[in-house]
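Please keep the sequence and the three-dimensional structure in view while reading.

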Amino acid sequence: MDELDSAIVRHLQEDARQSNRDIARKLGIAPSTCLERTRLLRQRGVIRGYHAEIDLGALNRSVQAIVAVQVRPLSRDVVAAFERSVIELPEVRSVYTMAGSDDFLVHVTAPDIEHLHAFLLDRFTSRREIVGFRTSIIYQHLDKQVLEPLPRPQAAPPL
């Protein structure tokens, strides 16, 4: 990505609803150039979609938690089956497959602590592949809305 691509991505991250014409005006480029660059960013998979940010409380999901899960046996089939089944649970927001002492981090939401407790008892304690899990309640979630590209590492000089 060059500087222009990065600038287009930054503006879309700030507000994906702004028009192509507005972004082009802010960047001092022709709308046709902006449109073509945005199309190429989508085509290359840099822009993967446009989403609305929704207040979780409005969806009756005021409580959030991260559940660290260990499964056994740690095989491709067990990992894939766990990922497929857990992401389908209505309380689950995201699933991260990890390296380290925990195999997964599962971001869950619930209306209240009682529902969260029942969810964990009903959905996690009865699964044979789960050998352990720990739950951490999220008090506050800060999310950086605009991410800038990180610099590429410099190639080491030849010896």
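Where is the place of proline 73? Proline 73 sits in the loop between E1 and H4. The model under discussion is a predicted one. In this model the peptide bond that runs from arginine 72 to proline 73 is cis, and its omega is near -5°. Another backbone feature concerns asparagine 60, which is not a glycine and yet has a positive phi of about 60°. Asparagine 60 belongs to the loop between helix H3 (31-43) and E1.

Helix H4 comprises residues 76-87. Its 12 residues, counted at 1.5 Å a residue, should span 16 Å, and the C-alpha atoms at its ends lie 17 Å apart, which agrees. Which residues of H4 are buried? They are Val78, Val79, Phe82 and Val86. Because these residues cover an arc of only 100° around the axis, they are placed on the same side of H4. On the face of H4 turned away from the buried side, the exposed residues are Arg76, Asp77 and Arg84.

Strand E4 also holds serine 136. With a relative accessible area of 44%, serine 136 is partly exposed, since that category lies between the limits of 20% and 50%. Although serine 136 and isoleucine 66 are 70 residues apart along the chain, 5.3 Å separates their C-alpha atoms. When residues up to four places away in sequence are not counted, serine 136 touches Gln64, Ala65 and Ile66.

Attention now turns to helix H1, where aspartate 5 is found. Is aspartate 5 buried or exposed? Its relative accessibility is 5%, and aspartate 5 therefore counts as buried, the limit for that term being under 20%. Apart from neighbours within four places in sequence, aspartate 5 is in contact with Arg37, Leu41 and Arg44.

The largest pocket has a volume of about 1,600 Å³. Its lining is made up of 35 residues, of which His51, Glu53, Asp143, Lys144 and Gln145 are the closest to its centre. The largest share comes from H1, which provides four residues. By residue class, the lining of the largest pocket divides into 14 nonpolar, 11 polar and 10 charged residues.

The second largest pocket contains about 150 Å³ of space. Which residues line the second largest pocket? The lining is formed by Met1, Asp2, Glu3, Ser6, Pro149, Leu150, Pro151 and Arg152. These residues divide into four nonpolar, one polar and three charged.

Notes
Residues numbered from 1 in each chain as written. Predicted model: local features only at pLDDT ≥ 70, side-chain atom pairs only at ≥ 80, totals over all residues. Heavy atoms only, no water. 1 Å grid on protein atoms, 1.4 Å probe; cavity = no way out; pocket = protein on both sides within 12 Å on 5 of 7 lines; lining within 4 Å. Points joined across faces, edges and corners; volume = space filled by probe spheres on them. Helix = DSSP H or I, 4+ residues; strand = E, 2+ residues; numbered from the N terminus. Nonpolar A, V, L, I, M, F, W, Y, C, P; charged D, E, K, R; others polar. Expected span 1.5 Å × (residues − 1). Buried < 20%, exposed > 50% of the residue type's maximum accessible area, 1.4 Å probe, protein only. Arc of directions from axis to C-beta. Contact = heavy atoms within 4.5 Å.
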